[in-house]
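Here are my notebook entries from a sit-down with this model.

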Amino acid sequence: MTSPAKADTDVVVPPRPRPRRGVSLLDAGPPIALVVIFAVFAALSSDFRTVGNVQNILDAAAVLAVVACGITFVLMMGSIDLSVPGVMGASAIAVALLVANNRNDNAWGLLGILVAVLLGAGLGCVSGMALVSLRVPSFMTTLGVSAVGLGVATLMFAGVQPNITDEMLRGWAVNRFLGLAYLTWIAVACVLVGWLIQRYSRLGRYAYAIGGAEEVLSLSGVKVAPYKVAVFTLAGAFYGLAGVMVTSQLSAGLVQAGKGYDFAAITAAVVGGTLLTGGRGGVLHSAVGVLLVTVLTNGLVQVGVSPYWQGGVQGLIVVAAVSAAVLPQRRRNQVTK
Amino acid sequence: MKSISRPTAAVIGLTLAAAALTGCSEEAGGAGGGAEAGGCAPEDVVLVGQVRNESNPYEAAWLDGGDAFAEQVGLSQDRLTYDGDSTKQQEQITQLLAGDTECLVMNILPNGDSDTLPIVEGAQEAGAYLVTQWNKPADVNVTDYDQWLSHITYNGVESGQQIGDALAEAIGGSGGIIALQGILDTGAAKDRFAGLEASLEANPDVELLDQQTANFSRDEALAVTKTLLTKHGDDIKGIWAANDDMALGALAALEQAGRDDVAVVGIDAVPDALTAIGDGTMTATVSSDGPWQGGIGLAIGYCVATGELSVDDIADEDRAWFAEQFLITGDNVGDFTSPEVDEADFECDNVFSRSQGAIS
Amino acid sequence: MSTPVITEPASNPAAEPAVVTGAPTAAQRVTSFMPVIALVALLAALTIADPDFLTQRSLTAAVRTSAPLVVLAAGATLVVLCGGIDLSIAALCSLSTVFFAMWLPDLGGLTILVAVAAAGAIGAVQGIAHVVLRIPSFVVTLGGMSIFSAVALVISDAGPIRVIDRDATGWLNLYVAGYLPMSFFVALLVVAVISLIIKLTPLESFVRATGYSESAARLAGTPVDAVKVAAFTVSGACAGLAAVMLASRNFSGSPTMADNLLLPAVAAIVVGGTAITGGHGSLWRSLAGALVVTLLRVGLPIVGVPSAWEQILYGAIIVAAVALTLDRSKVLIIK
Amino acid sequence: MTSVTTNLQDGPAPVNALEVRGLVKHYPGVKALDGVDLVVRQNEVLGLAGENGAGKSTLLKALVGLVRPDAGEIWVRGEKVKLRSVVDAADHGIGMVFQEQSLVPNLTAAENIVLGSEGAGVRRGIYRWDTMRKLAQEQLDKIGSHIDPLARTDSLSFADRQMVEIAKVLRIEERTSNPPVIILDEPTSVLESAEIETLFTQVRRLREFASVVFVSHRLDEVLDVCDRVSVLRGGQSVGEVPTAGAEPADLHRMMIGSTGSDDHYHEGLAEHSDEPARPRLVVKSMSGSTFRDVDLEVRAGEIVGIVGVHGSGREDVCRALFGAEPTLSGEVTLDGEKLDLSGTRGAVASGVGYVPAERKIEGMVGPMSVADNMMLTKQKARCTGPMVVPKKQATLVDQWIERLSIRTPHRGTQIGRLSGGNQQKVVLARWLVAGDIRLLLLDHPTRGLDIGARSEVYRLMRELANSGVATVLLADSLEEAIGMSDRIIVMNDGRATKEVSCPSGGKPTPLDLVKEMV
């Protein structure tokens, strides 16, 4: 946790140094909130505080964690990515058709998974290319790519549900290591890889810098465009993997595999302390956010909150969590968008 | 920005002037008040099938059934989908009805109960032949309209109860079960759950431990089931799901939790569920026969449009009716694994053959 | 938009004898008409694909269909112009359909006003939360979205509520001058009235200043917070009005009725050429954008594009439309 | 690194480090450069002077490849070059410290220093933090700075960030074996005097192994630190002066083409009635997060300067008086009435005006027109009822454009297209249009303005004071504070520690003030 990226003061960097207020709180806020919420649920529900349920929470967080890893890089740049449903849908169907399945004779195994992830990366690349070459805001390019991805998925789906028979891929969701499903370990690995990329690769650091001050990079002779494309491609690869994971969980390829994951992942990232304006936060922040959201979802069911209210309570808590994190560093004349 | 005020003024001025000059009228110019019933030549009939999306097997099979019927009468079917988006469904219908509606036959799956009425009113006004399925508010009567030929649905209470009973039997008549509800805002979800409640009354030793919605979605069912499995653990002997997609999601959750002692039931008879029943991992489902649904609506419309049937001749109990459904268990699953469309079902004098009686 | 540490590198090089004129250049004029050009091009393409598409009835149906989307997008455009975003409009609109349907039996014709006012008040609450708590609008309205959905589900008992008394909204289904659907006429009126009010009062400079540079606006003493709250209020009220239109069209209110209109509404704003970063844009642009989006939503399937290809085309066309309509001279950094 | 020793030139005939011949650059409607010549010798500090619009920034941009000239040649060490990008320029050993700092705030100092030329710091896309820290440390050592390379840039002081900038620019040595040419564009405009001294020490060190082009509006600085000064006017070179023995007035004359006024601060305009006017602004023990127990009194018609080093809290006091920074305790009255400082609206309504230091971010709305910017605050002046009356607004704006001689083609022109001085005048005019201004808070009102524009701003301040407006001035330099103020408050560590009377004819020296400040 000693990344130099960890100590920030302000949303908009003021031209003069300002007193550094609420520094630690903003970074410590989400983990504290996680602990508090966990404690509250544990106190309220005996079902919640079982080892089995903690395993369940971690397993349930796996797919969202992988999506959040990808989206974090995009958000760090100050862009936004709504292409998750399309990319995940396309890769979920693709992998289901490439490994051993009931629709065709393919049995590509790992190679099939790789191709599906590459398909995700390719779609991400398209978002990035449209952003830098057509100069269309990422909000729209990714929205468009999402529609394209869903279209491609529906084309591949062709009316018959592809069910996977590939034992390895099915095993990922079933087999356990140290009490957690393989998929959960894959998610942990993704977070780790994401963190390494963010901390030790030029791509990650530049993504961070683009969110901080894009113009400066150009003035320093860095060509920003390729890095933007690369970040979207990387994010697409993560979504692709997430699509594969959903297919593994359901043993079937679904066009709707990624439904709802876009806003869920953005919520998780924001709750974890990544700013939508870019230049702040990171993969670890988002991982905490993912756990927060998952604990909430799980806890509300365990405590027995009516299904009608669950969404609303979740929304309230998200707003409360963010305002609690923002409150200490409030400043007059601060720009909030 | 400078140019805003001018168009603003212009538009307001023009529209006010137009309104003042001509007043308001009921009808857009040149609407087609409906063709003489039965006056269409067979080749002029336009067949339209509309379902939520083509990315789920049940609805894809529905549209394929529609294609099969269209082929049978030498036509083709326009396949429309609206992504489960009520607004988009309305928009498409409105647009469709603004075209040539004289011999238009529509077989529609309304997204929810509330979507049925505007579709019906639109068809009535435009003179298109309409058959709806599944969703209809209880207090809307088909007989009040003459372009709305028929509404077909399945007795959700019955199917919910059937699988509830099957589930109770499978767990030996006593034990805890959990229920996965569908989209709360649909009649189907409510009826099916009412069926489960009826079944629970009949099986007093079966206890409903928990009920959550998973919105008819396989993915959500997986997550919800996992959570409920940890919450109730071994108390869970059975899972009742309001459709097969959720049942399959629950099965995946059970597999991941290493539980093979839990009975699962669903509704819809999608191919995966049939396979699961064949394998013995799932207990029961109820078939509504998607391909038949896709064909029958078009068939009724086609028969009326071409004059082989007249609306007036359709008995009131055939205007809104429950179609036959089949409980599928391990015993009879072999009969349903490859659904085929039977052309005879779509003959004009045969279209109501599967009726189980009027919707009460 | 993040605050540029450096003002745009090569922009005002020869600022001094400022011989640059204030009038927009020819290119800028073309860009400001781009949304309309995109609309016409799309219409032409659809007509080529299916010549039957271009009929008076079909166009009338299309504009009628677009009315709720126009109103939703118009309201949200204000928030976007102020530099924020309102993700709650669709959920709030669904909630309002429920309000409308529930209150109609008791309030009769007044219900329209009450529903619009209630939605406006809810919008105002969001605006106040955003301004007072300094939470990004994205987060406030994301939270609002789920809260409103939950409230709608609970009060409606998760089911549609029928609108029995159709007289209250019957007028929305009339036609002005025989061809122009009343609901679209109302939508036009909303756009025109809001545009006019903004144009004729200092609000225009307040809104733009807030969107382009909130800190400068604040330090110039403009009522930034009030303007933002007002924008959210109008956005909420527009969601309420759109709800009335939807409820009158569907003869019912339902807790999920408008939920799917969020992304189309935002797409309409952006396709119209309004900068998502704030400051630059107008309600008229959103009107054109909403028509483009509506044509895509209903036109593609009607002219016979298969569902999978429809989505692919939709994705490609909205990106292309934005590429056409965005005036990049007003937006320094594309994120 | 051999950088420090490269000044040992072994070539026989010294070649010019950089030479510009007949550079021409047109922009639509204006000739920014009209045949500029410039020579930078090895190991010298060349000053570049000229008013805003003389073509300085265009010339500098051409030298680092951000602008492509229409005609003319650039020669680097006797070799004709074409510079297409910053990277191109860096390859030829030319680097620039930009006027507004070009550092990425959320990266470490080390990353900023090596940004764009990471060299061994990044292998195959993977960061090697140790190497990177070492590389950065080397750069910082060159200029004798003790900044922690792994500190986040936005946690550094302004002066430290300037050091990071210079360390960063010196990385171009890695790209070329020749001694580099370093361009410093207005490096002092945002520094306090102590920081400026440190900077000058660095510039003199740079001369040991590099050539430096130094651009500043402050002619005394230019004469202080440079060996020669080249003067631009109207896109042309008008001459070169060795700094030895030159006076600011000489340079000034060359820059504007005539003798500059001796009365730079228009002290002659200052009116002083013998009877002290009643106090207009009274601040009693006001405290905020960065200042404590500040007492302040400003009379109508008085200009009170507040001076202090960075971190003295004077900016926050100024903002607090406008309601833009929270006050924790204390009482503020304006003409005897309590001032509502819960937000900026109260201050505005009471006739308080504020001109922020960061003009481009906080002062003006760049994409909006001159008229809109000018009328952003006082609505009554342009409205009848709630409606804006275009004619009323146009008349009023045109009137103020003329009164303040704002040079703009039209009131509808985007303010971002005007020069800094004219922008500042529009920002000032915003508070004047309604004629109800009572207290004006000026935070570095002349930052980044050239002499001509400064002089006009000073004259305006005098006129406003004479009309009875009370003014609080945070000056750009001590000289300015002394020249303009009637009284000066010295702030130290969040407290007002000293009041210095500053009447015309009895002005203290900067040295007197500096003693109080530290």
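How many residues of chain A are in contact with chain C, and how many of chain C with chain A? I am working from a predicted model, and I found 54 residues of chain A in contact with 54 of chain C.

**Entry: the side of chain A that touches chain C**

I looked up which elements of chain A give two or more residues to this side, and they are helices H4 (110-134), H5 (138-157), H8 (202-219), H10 (261-272) and H12 (307-326). H5(A) supplies the largest share, with 15 residues. Sorting the residues on this side by class, I got 29 nonpolar, 20 polar and five charged.

**Entry: helix H5 of chain C**

Next I turned to H5(C), residues 137-155. I noted 19 residues and a reach of 26 Å from first C-alpha to last, close to the 27 Å expected at 1.5 Å a residue. Is this helix largely enclosed or largely open? I counted 17 of its 19 residues as buried, so H5(C) is largely enclosed by the rest of the structure. Just after the helix, I spotted Asp157(C) with a positive phi of about 55°.

**Entry: two helices of chain B**

My last stop was H5(B), residues 156-170, with H6(B), residues 187-202. Their axes come within 6 Å and cross at roughly 45°, which means that H5(B) is oblique to H6(B). I logged the crossing as right-handed. Among the residues making the contact are Gly156(B), Gly160(B) and Gly164(B) of H5(B), and Ala188(B), Phe193(B) and Leu196(B) of H6(B). By class, I have nine nonpolar, seven polar and four charged residues in this contact.

Methods:
Residues numbered from 1 in each chain as written. Chains lettered and ligands numbered in written order. Predicted model: local features only at pLDDT ≥ 70, side-chain atom pairs only at ≥ 80, totals over all residues. Contact = placed C-beta atoms within 7 Å. Helix = DSSP H or I, 4+ residues; strand = E, 2+ residues; numbered from the N terminus. Nonpolar A, V, L, I, M, F, W, Y, C, P; charged D, E, K, R; others polar. Expected span 1.5 Å × (residues − 1). Buried ≥ 20, exposed ≤ 12 C-beta atoms within 10 Å, placed from the backbone. Axes fitted to C-alpha atoms, helices over the stretch in contact; angles between N-to-C directions. Parallel < 35°, antiparallel > 145°, perpendicular 65-115°, else oblique. Left-handed = near helix turned anticlockwise from the far one by under 90°.
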